Amino acid sequence: MLQIQAAPLWAYAVGATSALAAGRQLQVWERITAGEGPRTRSHAANPYLALTLLFAAVLMVPTGLFLLWQNPSWATMHVARGHDDVWAGFVLAYAGGIPVAAVLGFLAARALVLAGAGYWAYLQCAGAHFLVFGVLVHGWDGSGYERFLSPGARDWAHWPHDSVVNNALDFATSGTFLALLVLGAAVVGTLLLMQVGWLVEGWSLPGAQEDRGVRPVLAVAIAAAGVYGLPFLGALGASALVRLLGGWPGLVLCVVAAGLVLLPRRSPVRRLHQLVGVPDRHWRAEPEPARGTAGVRSDRPA
């Protein structure tokens with residue numbers, strides 16, 4: 001649904017965020033299937049990975065291909081001016097690459113969650129969304145938002161001759177914007193329902209109430225701000241630094257600022273993350289489910 005340069009990054013972010021939202025369930029699933037045969041232990045048997053892959057294949061890929069067919073100039077950030085400039089193999093790579101990127105993001109975040117590194121799994125989500133917003137806000141030449149707000153090649157060519165407000169209004173009245181609204185309601189709405197639903201589902205499992213430090217509604221708001229809001233603000237700040245200081249000095253200062261905000265143990269971002277209730281212990285360190293639970297063998301080590 002996003003422009004092609006940002007779509008694979010968004011797919012990776014969707015996969016990582018889905019695994020983080022279902023982190024507690026993934027730990028329970030690992031505990032339940034410990035010692036089982038390869039059919040039960042395979043990634044294909046994991047319902048959360050399967051649903052994430054289904055979301056990418058059924059919603060992300062078709063909507064992206066629709067926008068590429070409807071408006072190839074906008075979908076390629078005006079690198080291509082029409083259908084004749086888009087190589088068929090590139091379309092095939094795009095259709096196959098989106099589900100692959102979503103699976104890679106899910107598996108990377110899942111591995112960190114199972115290892116008890118929930119905060120580092122969150123950094124996977126935040127980092128990927130930062131890159132998505134960075135492409136849309138700044139792009140590769142500083143004109144990311146101009147390319148995003150130009151519905152056609154002619155609008156992009158005439159961008160310097162009008163104000164940002166007028167260009168944004170022209171985009172808001174275009175067919176591309178209408179398509180984004182309709183498709184976004186389906187794609188983003190389904191994504192939020194899935195991820196928030198998994199997060200709330202995890203809070204009903206043993207130990208979740210103790211890990212979550214605030215009420216569920218506030219926890220959802222904190223999670224959304226950390227996964228979407230903070231990366232967007234970071235992309236705006238990084239773009240401003242690059243414009244003010246130049247390419248490499250701006251990027252270096254951006255990396256240093258991100259490290260100071262995200263990495264210290266007493267970081268406010270880390271403290272807010274702890275309030276959401278994402279598990280921060282290895283899956284083997286979690287308490288065993290109660291005896292008599294279907295599919296759980298009581299003789300497995302904790």
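W69 is exposed in this predicted model, because its relative accessibility is 64% (exposed means over 50% relative accessible area, buried under 20%, and partly exposed in between, with a 1.4 Å probe and protein chains only). W69 sits in helix α4; helices here are DSSP runs of H or I of at least four residues, numbered from the N terminus. Between the C-alpha atoms of W69 and H83 the distance is 7.4 Å, and the two residues are 14 apart along the chain.

The model is predicted, and local features need pLDDT of at least 70, side-chain atom pairs count only at pLDDT 80 or more, and totals for chains, interfaces and linings use all residues. Residues are numbered from 1 along each chain as its sequence is written, and side-chain values use heavy atoms, with hydrogens and water left out.

**Helix α4**

Helix α4 covers residues 47-70, and its 24 residues should span 34 Å at 1.5 Å a residue, which agrees with the 34 Å between its end C-alpha atoms. The expected span is 1.5 Å times one less than the number of residues. At A56 the helix bends by about 25°, where the bend is the angle between axes fitted to the seven residues ending at a residue and the seven starting there. At the start of α4, a side-chain oxygen of N46 comes to within 3.0 Å of the backbone nitrogen of Y48.

Among the buried residues of α4 are Y48, L49, F55, M60 and L67. The partners against which the buried residues of α4 pack are α1 (7-21), α2 (23-33), α5 (72-75), α6 (88-114) and α11 (175-202). T52 of α4 is buried, with a relative accessible area of 1%. Apart from neighbours within four places in sequence, T52 has contacts (heavy atoms within 4.5 Å) with G15, S18, F106 and W198.

Q195 belongs to helix α11 and counts as buried at 6% relative accessibility. Not counting residues up to four places away in sequence, Q195 touches V14, T17, S18, A21 and Y228.

**The loop between α5 and α6**

M77 and H78 both lie in the loop between α5 and α6. M77 has a positive phi although it is not a glycine, and H78 likewise has a positive phi without being a glycine. The table lists their values.

| Residue | Phi | Relative accessible area |
|---|---|---|
| M77 | about 55° | 0%, buried |
| H78 | about 65° | 8%, buried |

The 30 residues of α13 should span 44 Å at 1.5 Å a residue, and the end C-alpha atoms are 42 Å apart, which agrees. A kink of about 40° is centred on A225. Buried residues of α13 include A219, I222, G226, P231 and V242. Those buried residues pack against α1, α7 (118-137), α11, α14 and α15 (268-276). Just after α13, G246 has a positive phi of about 100°.

Two packed helices are described by the angle between their axes and the distance between those axes. For α13 (residues 216-245) and α14 (residues 247-262), the angle is about 145° and the axes are 7 Å apart. Axes are lines fitted to C-alpha atoms, for helices over the stretch in contact, and angles run from 0 to 180 degrees between N-to-C directions. On the α13 side the contact is made by L230, A238, L241, V242 and L245, and on the α14 side by residues including G247, P249 and L262.

Technical notes. Helices (H or I, at least four residues) and strands (E, at least two) are DSSP runs, numbered from the N terminus. A polar contact is a pair of N or O atoms within 3.5 Å; within protein, one must be able to donate a hydrogen and the other to accept it, and residues adjacent in sequence count only if both atoms are side-chain atoms.
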